[in-house]
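These are my notebook entries on what I looked up in this structure. I began with the fold of one chain, then turned to the contact between chains and to one residue.

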There are 2 protein chains.
Amino acid sequence: MRKGEQTRKGIVDKAYLLAGQLGLEGVTLGTLASSLSLSKSGLFAHFKSKEALQLEVLEEAIGRFTRHVVTPALGKPRGLPRLNAMFDGYLSWIRGVSGRGSCLFLSLAHEYDDRPGPVRDRLVESQRAWLDTLAKAVRLAVSEGHLRGTIDADQAAIELVGIGMAYQHATRLLKDPKADKRARAAYDALLQRLRK
Amino acid sequence: MRKGEQTRKGIVDKAYLLAGQLGLEGVTLGTLASSLSLSKSGLFAHFKSKEALQLEVLEEAIGRFTRHVVTPALGKPRGLPRLNAMFDGYLSWIRGVSGRGSCLFLSLAHEYDDRPGPVRDRLVESQRAWLDTLAKAVRLAVSEGHLRGTIDADQAAIELVGIGMAYQHATRLLKDPKADKRARAAYDALLQRLRK
């Protein structure tokens, strides 16, 4: 990796961490420069605008999510083994496998739900892609004969996201010791409904 | 209402709106003073600190939620009519019945999940109270004979919150035209599970 690329990567990593603490709108070239002991003009050489930096932080989060949750699950056999792996990876991501940034998407969802622009557009695209990935895993479980054929896969996908969001609420905000058990029970109940 | 109280109420209302846009940490005496055309020292006469103001904004949100969602449902007969009213009120609150502040709690959950202090404590208390209110409504539906007696009411409560969070994600971020239908279908499926 060339030196310029290394510096750029270091900046994005730091911005990713800061975004988890301050929100993405809180990551300005000013706050970032001071936390990296760089000059604002030095930063500006790497990112032409705050928005370009924000988009790169979002890409970083999407890349990490793909590597941690999606890719390992795609290595599992189609059907329930893959769906189960996807759900397990999702919970582990929400618990915080890659630092505080783990729940960055849900945090950004609140930050950008009424803030139009390219960051919101890319966020929406990534969240739709996640719902589609879940729905596809459900459809494959149907075609493998693990789940029944009359399922609304898109309905199942948004319910899975709801289980993840409630899990985040229970484990991170409420520090509920039963959070894991509750999320598993909700998942099992959903599967049971999709099975019969 | 005395003039001092009126001014104070105007400040809290404005701060409540700003908190929906900027997050509660973004509401400083400075930003608030400039958006109200007041002096910082004038504001300071009403609120001794940023934290005191933040706590009052949170109380305002709790009060609005109680008036909009909890109290009307408590006026319905015990059992499913009350639980249904609670769920309807929750969805309408999330859709945004009282301005952008409607999803303030979920937004604050992300903002404060790793930010210890009195604001986080009060937020956690309010969210636990909401889960307890939902669980109690489920238990009453059991004692009325509307739901079966072997239900884990706390499990049902966190799943209801998950349905609400997924609804917010679908309707506010993704602008999914099917968001309402999906939330209703998830609620109906949960009830069906609790019935048999």
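I first went through the secondary structure of chain A, which in this predicted model comes to nine helices and zero strands. Reading along the sequence, I noted the pattern α-α-α-α-α-α-α-α-α for chain A.

I then looked up the overall dimensions, and the C-alpha atoms of chain A fill a box of roughly 60 × 35 × 30 Å along the principal axes. Among the contacts in chain A with a separation of 6 or more, 59% are between residues 24 or more positions apart.

Next I turned to the contact between the chains, which takes 30 residues from chain A and 30 residues from chain B. On the side of chain A that touches chain B, helix H6 (104-112), helix H7 (118-143), helix H8 (153-173) and helix H9 (179-195) each supply at least two residues, and H8(A) gives the most, with twelve residues. I recorded the make-up of that side of chain A as 15 nonpolar, seven polar and eight charged residues.

Last, I looked up B:Arg8, which is found in helix H1 (residues 3-22) of chain B.

Methods
Residues are numbered from 1 along each chain as its sequence is written. Chains are lettered from A and ligands numbered from 1 in the order in which they are written. This is a predicted model: local features need pLDDT of at least 70, side-chain atom pairs count only at pLDDT 80 or more; totals for chains, interfaces and linings use all residues. Two residues are in contact if their C-beta atoms, placed from the backbone, lie within 7 Å. Helices (H or I, at least four residues) and strands (E, at least two) are DSSP runs, numbered from the N terminus. Ala, Val, Leu, Ile, Met, Phe, Trp, Tyr, Cys and Pro count as nonpolar, Asp, Glu, Lys and Arg as charged, and the others, Gly among them, as polar.
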